[in-house]
Amino acid sequence: MNENVLSSRLQAIASYLPKGAYFADIGSDHAYLPVVVCRLDPSARAIAGELNDGPYQSALAHVRAFNLSDQIEVIKGDGLTVLGDRSIKQIVIAGMGGGLIRTILDQGKEKLAGIKRLILQPNVEARLVRDWLVKHNFCLIDETILKEDGHIYEILVAEPKTANKQVEYTEQELLFGPILSKQKNTAFYHKWKSEQKKRLRILAEMQYAKQIDREKINQFEKELAWINEVLKDE
Ligand SMILES: C[S@@+](CC[C@H](N)C(=O)[O-])C[C@H]1O[C@@H](n2cnc3c(N)ncnc32)[C@H](O)[C@@H]1O
């Protein structure tokens, strides 16, 4: 990795951090994101949280190699426990499944009181994350979908909802993203065409299953109809 250049995915995530951010990157692996953000913005501070020893050691070595230990603390620990009582303002959780991101948020919800912004990038099942956000008084302020190296990535940006703001999303908005489904860029169409194919294949296979799971078939058919609808105007 070029020392000041992030992948398009991490660059898009970094663009949601304000100048002078004090953020936690949970599941930081090599600490690529905090290192580049803090190199480019000396007023930024971060903690790089990692559960596993290998990635934790890589993060530690990378931060030390760039002499950034004054700006970045590398902490070994599970999910949001690494925040301790620090007054972190933004949290990034990227490059994991939506189910794991939801679990990390849920298990650490008492740490979210002073948080101004969550920047979440689920590799799959973004709807689980959107659903968790709505149920826990966050609202989506932006979403990005992009393609890099043949993969499609969704980035969800959420902030605590203001007292008088009512946020409810339909099942379709949870699946497609309330903002992404209004913008419908090329990556969006690409993702949902591939999901359409996947569901058609699974539905065809289900017809031959020894035991027909009617509930699952109904769910897939319902989602397929929604997908056909969002792809209609392509
Ligand atoms: C695929 S990497 C993503 C790295 C980086 N965030 C990115 O987006 O490029 C996921 C990282 O999350 C770490 N991880 C998984 N579960 C975690 C948890 N509960 N708390 C902290 N880190 C976790 C893994 O060890 C791994 O290094």
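The model is predicted: local features need pLDDT of at least 70 and side-chain atom pairs count only at pLDDT 80 or more, while totals for chains, interfaces and linings use all residues. Residues are numbered from 1 along each chain as its sequence is written, and side-chain values use heavy atoms, leaving out hydrogens and water.

**View 1. The whole chain.** The chain has 9 helices and 7 strands (DSSP runs: H or I of at least four residues for helices, E of at least two for strands, numbered from the N terminus). Of its 234 residues, 47% count as buried (under 20% relative accessible area, 1.4 Å probe, protein chains only). The C-alpha atoms fill a box of roughly 60 × 45 × 35 Å along the principal axes.

**View 2. Glu-148 and its contacts.** Glu-148 lies in strand β6, residues 138-148. Beyond its neighbours within four places in sequence, Glu-148 is in contact with Ser-7, Ser-8, Arg-9 and Tyr-153 (heavy atoms within 4.5 Å).

**View 3. The side chain of Glu-148.** This side chain reaches the backbone nitrogen of Ser-8 at 2.6 Å. Glu-148 is buried yet has no salt bridge (a side-chain nitrogen of Lys or Arg within 4 Å of a carboxyl oxygen of Asp or Glu). Arg-9, the nearest side chain of opposite charge, is 4.7 Å away.

Terms used. Buried means under 20% relative accessible area, exposed over 50%, partly exposed in between (1.4 Å probe, protein chains only). Lys and Arg count as positive and Asp and Glu as negative; His and the chain ends are not counted. A polar contact is a pair of N or O atoms within 3.5 Å; within protein, one must be able to donate a hydrogen and the other to accept it, and residues adjacent in sequence count only if both atoms are side-chain atoms.
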